Amino acid sequence: MSEKYDVVVAGAGVAGAYAAFRLASAGLRVLVVDIKEFERIGDKPCGDAIGGHHLSFLGLRDLPRDIIEGYVKGMDIYSPSGRAKFRVLGEGVEVDRVGLARYLLKRAIDRGAEFRGRTAAVEPLISGGYVRGLRLYSGCRTYEVTSSVVVDATGNARAVVRRLPKDWPVSEEADPRDFNIAYREVRVLKDEVEEPHILRIHVSKTVAPGGYWWFFPYSERRNYVNVGLGIQGGRGYPHPRDLLYRYVLNQRVFDGSTLVEAGGAPVPTRGPLSSLVWNGIAVVGDAAYTVNPVHGGGKGSSMVSSLCVANAIVEALDRGDASAEGLWEANICYMNNYGTKQAVLDFFRRFLQELSDEDLEFGMSAGIVKEEDLNALSLKGELELSVAEKAIRLLSGLRRPSLLIKLRRVVEYMGRVREVYENYPRTPSQLVTWRLEVSELLRDFEERVLRH
Ligand code: FDA
Ligand code: GRG
């Protein structure tokens, strides 16, 4: 006889652990499984930055101090030559990633969730068009658990949804070019870091093609920094570790530094899945492509998806309806709180990844986009049309008018994709038509703007 739960969560990274915490807090019978044991939960390479607004939204303002590696007050973004710099102010933290996931999982367990480490989700159990549970593997044994809803929070593995029928929207595969491959090291520097509350991002097509390299100090741990580099996937670019060693770690600031940790992983830098739910199944975090496409941060937004999914499951099970329709509120919530911004930024990301170092240098030094514009872009995914208009009026006669005209068109398309996402379907039956609208807009954008 298989064991029966209300919800089985596969994966206990931040997304799975936070979902389990929310579900257990609502009184549901929850099982969480992970291939890792409890001590290594959350141990995945990361830049460790989370915006304070996410912590407020998620009710995580009271994180224990011992899992905070640093307090962040803002970020400097450098042009390829390093001569132009934008400072974007915004408060956040550098977090101990293992400490955070373990803290969330512990809270879930305290609220009654059951955790099984060293346990793999092997495949979903499907019958009558519904996911009814999971086949699990642990200690050389395969067995089944059943549940009203399964939540796939297995990150890039997408261990459950990738085994669902291809016509279920949750199973959608991502294009390799919609990933960044990111590698990072944690190092202790010989000298103190200047301005340890400021994160640094450096854009350069030569050093980090289709991505950037970063230098994130841990203000609470003297001389510790998280330094890494991301490149766009699927383009045949060199390995990010090789680029980091070739262009970054030979800089003087790293002389005599010691290595604490190293590692990398793919990051899905694209728009959200068209639906986080289907019959008996929900998907959250990296497995649902909830990362910010422009900067690759995904911890905060993965938990936003978990919050939306958990709330929807609680309500759906209360009504006894775990169908796509019954769980649909998860999508409305996620699109309102993050997905729309993500989709808009994905269009901007595609434009950014096509720019040369010359374009980036010009764009940043000529003041086409200013610090305040970047603030609005990162907070709301809005880039004012007037920015491009102003720039064109001022500069088109002088230099690089084609870049400016392209920027204006990009901003127009960002407005259009926002409108489409603001009209996200209220029921699953309208999803196919809506998805066609999104893919047509993207095709149009690629043909008329990017390849033009
Ligand atoms: P995550 O991958 O963390 O968790 C998935 C869990 O599922 C794991 O515990 C895994 O063991 C488990 N699992 C997998 N397969 C399983 C199976 N079959 N059965 C059971 N369990 C299974 N984000 C950010 O906000 N700020 C930042 O600074 C950075 N920096 C950064 C740098 C680098 C180098 C990378 C690679 C990524 C980042 N990110 C980031 C992105 C961020 O790390 C990412 O978005 C979140 O960790 C996603 O959390 P999830 O819980 O969705 O997946
Ligand atoms: C796709 C152009 C492009 C680059 C991606 C993958 C990658 C390059 C970098 C690795 C990830 C990394 C270092 C992310 C840190 C980004 C960051 C500052 C996250 C914190 O931002 P939040 O939590 O994010 O405030 P949002 O945008 O969700 O408010």
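Student: Let's start with ligand 1. How many residues surround it, and which are the closest?
Tutor: In this predicted model, 31 residues surround ligand 1. The closest are Asp34, Gly47, Ala49, Asp286 and Lys299.

Student: What does the side chain of Asp34 do there?
Tutor: An N or O atom in the side chain of Asp34 sits 2.6 Å from an oxygen atom of ligand 1.

Student: And which part of Gly47 and of Ala49 comes up to the ligand, backbone or side chain?
Tutor: For Gly47, a backbone N or O atom lies 2.7 Å from a nitrogen atom of ligand 1. For Ala49, a polar backbone atom is 2.7 Å from a nitrogen atom of ligand 1.

Student: How much of ligand 1 does the protein cover?
Tutor: On its own, ligand 1 has 1,000 Å² of accessible area, and the protein covers 93% of that.

Student: OK, on to ligand 2. Which residues come nearest?
Tutor: Of the 23 residues around ligand 2, the nearest are His53, His54, Asn292, His295 and Tyr338.

Student: How far is the polar side-chain atom of Tyr338 from an oxygen atom of the ligand?
Tutor: That distance is 2.5 Å. Asn292 also has a polar side-chain atom by an oxygen atom of ligand 2, at 2.7 Å. Gly51 uses a polar backbone atom, 2.9 Å from an oxygen atom of ligand 2.

Student: How much of ligand 2 gets buried?
Tutor: Taken alone, ligand 2 exposes 760 Å², and the protein buries 91% of that. Elements giving two or more residues to its shell include helix H2 (52–58) and helix H7 (329–354).

Student: And how do the residues of that shell divide up?
Tutor: The shell around ligand 2 has 10 nonpolar residues, 12 polar ones and one charged.

Student: Which domains do the shells draw on?
Tutor: The shell around ligand 1 takes at least three residues from each of domain 1 and domain 2. The shell around ligand 2 likewise draws at least three from each of domain 1 and domain 2.

Student: Where is domain 3 in the chain?
Tutor: The domain assignment puts domain 3 at 343–450.

Student: How many residues are in contact between domain 1 and domain 3?
Tutor: 10 residues of domain 1 are in contact with 11 residues of domain 3. About 820 Å² is buried between these two domains, with 70% of it given by carbon and sulfur atoms.

Student: Which three residues of domain 1 supply more of its buried area there than any other three?
Tutor: Those are Ser274, Pro293 and Val294, which supply 57% of the area that domain 1 buries against domain 3.

Notes:
Residues are numbered from 1 along each chain as its sequence is written. Chains are lettered from A and ligands numbered from 1 in the order in which they are written. This is a predicted model: local features need pLDDT of at least 70, side-chain atom pairs count only at pLDDT 80 or more; totals for chains, interfaces and linings use all residues. Side-chain values use heavy atoms; hydrogens and water are left out. A residue is near a molecule or strand if one of its heavy atoms lies within 4 Å of it. A polar contact is a pair of N or O atoms within 3.5 Å; within protein, one must be able to donate a hydrogen and the other to accept it, and residues adjacent in sequence count only if both atoms are side-chain atoms. Accessible areas come from the Shrake-Rupley method with a 1.4 Å probe; for residues, only the protein chains shown count as cover. Helices (H or I, at least four residues) and strands (E, at least two) are DSSP runs, numbered from the N terminus. Ala, Val, Leu, Ile, Met, Phe, Trp, Tyr, Cys and Pro count as nonpolar, Asp, Glu, Lys and Arg as charged, and the others, Gly among them, as polar. Domain bounds come from an automatic or database domain assignment. Contact means heavy atoms within 4.5 Å. Buried area is the accessible area (1.4 Å probe) that two parts lose on being put together, summed over both.
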